[in-house]
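Hello,

Here is the structure I promised to pass on. My notes follow below it.

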Amino acid sequence: MSNLNDILNQAIQIAKPNLSKGKLADYIPELTKSNPQNIGICIVDLEKNIYEAGDSNVKFTIQSVSKPIMLALALLEYDEEKIFSKVGKEPSGDPFNSYMKLEIVKPSKPYNPFINAGAIAIASIIKGENLQEKENKILDFFRKMACNPDISINDSVYKSEKETGHRNRAIGHILKNEGIIEGDVEETLDLYFKQCSIEVTVKDLALMGLCLAQNGINYNGERILDEKISKIVKAFMFTCGMYDESGEYAINVGIPSKSGVGGGIMASVPFKYGIGTYSPSLDCKGNSIGGLDMLKFISEKLNLSIL
């Protein structure tokens, strides 16, 4: 599409004035080193054309955008019955780091795999003899999804998350108490902190989004997932992917997407595009202000809503 570069640059210009309205995720100290004025975007289409604009080469940690990829990996390793005995299928309506419903709803299990409790539950069942084997497995899977062999974990962010992740640690122990986590809690939490600390660019997110848009076939033409898994993951992205702002986002943008407090958003337009955005200035729900603005503009401009 000849004018797609122009549309991406327009999207950045529209989003830039609002970046000062948000704030960085300061509860993870290492994330406060991000530049709140950074903003970038990448779109990859089915013909393998890659369009980038803004700060598209800036690396950032994937954070909760890892959750759809981890769900896909878990669905490769287990049947649906096993997965959904650990997590539910519904939006929670609560902040992503809430554990309130684990206390008040019985039988207790996380509402979906994209809130922190659900993602920790998913991390607990990834197969491997030890933490190192599991870490290698998830990195290999992320690299295949993004067709990037250089994807790695940002050790400084990982250590920062581990040192300050008291709320996630509390969630992990509640899950253990309820029988959701079967193995070692600290090993599960360690893997969760590591998955959130995987470092990417908007191009990596766009390529992973493309893999899902093509129902499991990555940029290199390799089938990574079957269609059923891809559809399950995209369904969760559409209903639960933007924290407790998911309903409003579905109305305003209408694209299966997943955000992270590192400032990234991965979007997957079925059989059209994979999209990655980055802007670390967040709104009160934990979503990237710049990413929301850009995706809303692009969705309207290109008529991308699946509704």
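This is a predicted model: local features need pLDDT of at least 70, side-chain atom pairs count only at pLDDT 80 or more; totals for chains, interfaces and linings use all residues.

**Strands, helices and rings**

In strand 5 (residues 198-200), two bridges lead across to strand 4, and the two strands run antiparallel.

Next, the helices. Helix 6 (residues 131-146) packs against helix 10 (residues 202-213) at about 80 degrees, and their axes are 7 Å apart. An angle from 65 to 115 degrees counts as roughly perpendicular, so helix 6 and helix 10 fall in that class. Helix 6 brings Phe142, Met145 and Ala146 to the contact. Helix 10 brings Asp204, Leu207, Met208, Cys211 and Leu212. By type, the contact residues are seven nonpolar, one charged and no polar.

Now the rings. The structure holds four aromatic pairs. In one, tyrosine 192 and phenylalanine 193 have ring centres 6.1 Å apart and planes at 55 degrees, so the pair is tilted. Are these two residues buried or exposed? Tyrosine 192 is buried, at 2% relative accessibility. Phenylalanine 193 is buried too, with a relative accessible area of 1%. The cut-off for buried is under 20%.

Elsewhere, Phe84, Phe114 and Phe236 form a cluster linked by ring pairs.

Best wishes

Conventions: Residues are numbered from 1 along each chain as its sequence is written. Side-chain values use heavy atoms; hydrogens and water are left out. Two strands pair if DSSP finds at least two bridges between them. Helices (H or I, at least four residues) and strands (E, at least two) are DSSP runs, numbered from the N terminus. Axes are lines fitted to C-alpha atoms, for helices over the stretch in contact, and angles run from 0 to 180 degrees between N-to-C directions. Angles under 35 degrees count as roughly parallel, over 145 as roughly antiparallel, 65 to 115 as roughly perpendicular and the rest as oblique. Contact means heavy atoms within 4.5 Å. Ala, Val, Leu, Ile, Met, Phe, Trp, Tyr, Cys and Pro count as nonpolar, Asp, Glu, Lys and Arg as charged, and the others, Gly among them, as polar. Rings of Phe, Tyr and Trp (its six-membered ring) pair if their centres lie within 6.5 Å; planes under 30 degrees apart count as stacked, over 60 as edge-to-face and the rest as tilted. Buried means under 20% relative accessible area, exposed over 50%, partly exposed in between (1.4 Å probe, protein chains only).
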